[in-house]
Amino acid sequence: QPTPELARSYFGGDDLVRLKGSLRRLLHSGQPYDLELAMTTAKGQPRWIRTMCLPRQEDGRTVHLHGYTQDITERKRIELELDHHRSHLEELVHERTGQIARANTELQQQADEIVALNAELQRRAIEAEAANRAKSAFLANTSHELRTPLATVNLVGDVLRGLAQHDVPEPKRKKLEELSLRLQNLVRSMNRQIDTQISNAQLLRLPRPNTHLWAFELVQDVIG
């Protein structure tokens with residue numbers, strides 16, 4: 001014979017406490033209840049039920065109870081699975097959000113590093129440009145300072161070559177011509193070196209005249 005005590009024995013823990021409290025309020029004050037409870041059947045199988053009860057009162061006393069019980073095990077299983085998936089999804093979203101935040105932080109750091117590198121490269125480019133200009137100015141001044149004595153050496157070579165064309169003993173004429181040739185080669189070699197350095201520095205070179213003015217002839221014209 002089913003009894004209230006037997007029925008309550010199928011519940012345990014918080015669900016039993018909730019059920020007892022609801023029955024007490026139902027009988028004493030006529031407060032209905034609608035509960036979802038976990039239970040264990042007489043065969044030991046876990047179940048979820050929904051139980052509802054409405055009292056009928058007369059003269060302030062509960063004289064009749066009307067209620068029903070529904071097996072909601074499958075619905076509860078689905079709800080629990082959904083809650084599990086929802087919780088797992090929230091964990092994944094939280095983890096992914098953290099990863100995105102870390103990635104954004106790393107990207108920002110890399111962007112800051114790139115900005116700093118660009119600033120450093122720009123600074124070095126300005127320094128290199130200034131160094132190139134200084135080098136160009138130095139080479140221009142140096143080439144001018146070098147070409148002046150080379151022009152004098154070239155002048156000496158022209159004079160020697162002019163003297164060799166006059167009536168001088170053969171041994172002296174050969175020595176004069178040899179010395180003049182050496183001076184010419186020295187001047188030509190030094191000019192090539194200067195031109196190469198200027199070209200490497202990307203300096204603008206003035207065109208050299210096509211005609212050659214012999215210094216000896218100039219001296220002869222002035223003397224004559």
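Visitor: Which residues make up the largest nonpolar core?
Guide: The largest nonpolar core has 10 residues in all: F11, L16, L19, L26, Y33, L35, L37, M39, I49 and C53. A nonpolar core here is a set of buried Ala, Val, Leu, Ile, Met, Phe, Trp, Tyr and Cys residues joined through side-chain atoms within 4.5 Å. Buried means under 20% relative accessible area, exposed over 50%, and partly exposed in between, with a 1.4 Å probe and protein chains only.

Visitor: Which elements supply at least two residues of this core?
Guide: Those are α2, β1 and β2. The largest share, 4 residues, comes from β1. Helices (H or I, at least four residues) and strands (E, at least two) are DSSP runs, numbered from the N terminus.

Visitor: Where do these coordinates come from?
Guide: The model is predicted: local features need pLDDT of at least 70, side-chain atom pairs count only at pLDDT 80 or more, and totals for chains, interfaces and linings use all residues. Residues are numbered from 1 along each chain as its sequence is written, and side-chain values use heavy atoms, with hydrogens and water left out.

Visitor: Changing topic: what volume does the second largest pocket have?
Guide: Its volume is about 490 Å³. A pocket is defined on a 1 Å grid over the protein atoms alone, as an open set of points where a 1.4 Å probe fits, with protein on both sides within 12 Å along at least five of seven lines; lining residues have an atom within 4 Å of a point. Grid points are joined across faces, edges and corners, and the volume is the space filled by probe spheres set on the points.

Visitor: Which lining residues are closest to the centre of that pocket?
Guide: Of the 22 residues lining the second largest pocket, A7, L19, L23, Y33 and T51 are the closest to its centre. The elements α1 (4-8), α2 (13-29), β1 (33-40), β2 (46-58) and β3 (61-71) each supply at least two residues of the lining.

Visitor: How many of the lining residues are nonpolar?
Guide: The lining divides into 15 nonpolar, 5 polar and 2 charged residues. Ala, Val, Leu, Ile, Met, Phe, Trp, Tyr, Cys and Pro count as nonpolar, Asp, Glu, Lys and Arg as charged, and the others, Gly among them, as polar.

Visitor: What about Y10? Where is it found?
Guide: Y10 is found in the loop between α1 and α2. At 27% relative accessibility, Y10 counts as partly exposed. Beyond its neighbours within four places in sequence, Y10 is in contact with M39, T40, T41 and A42.

Visitor: Finally, what pattern does the chain follow?
Guide: Read along the sequence, the pattern is α-α-β-β-β-α-α-α, with 5 helices and 3 strands. Of the 224 residues of the chain, 18% count as buried.

Methods: Contact = heavy atoms within 4.5 Å.
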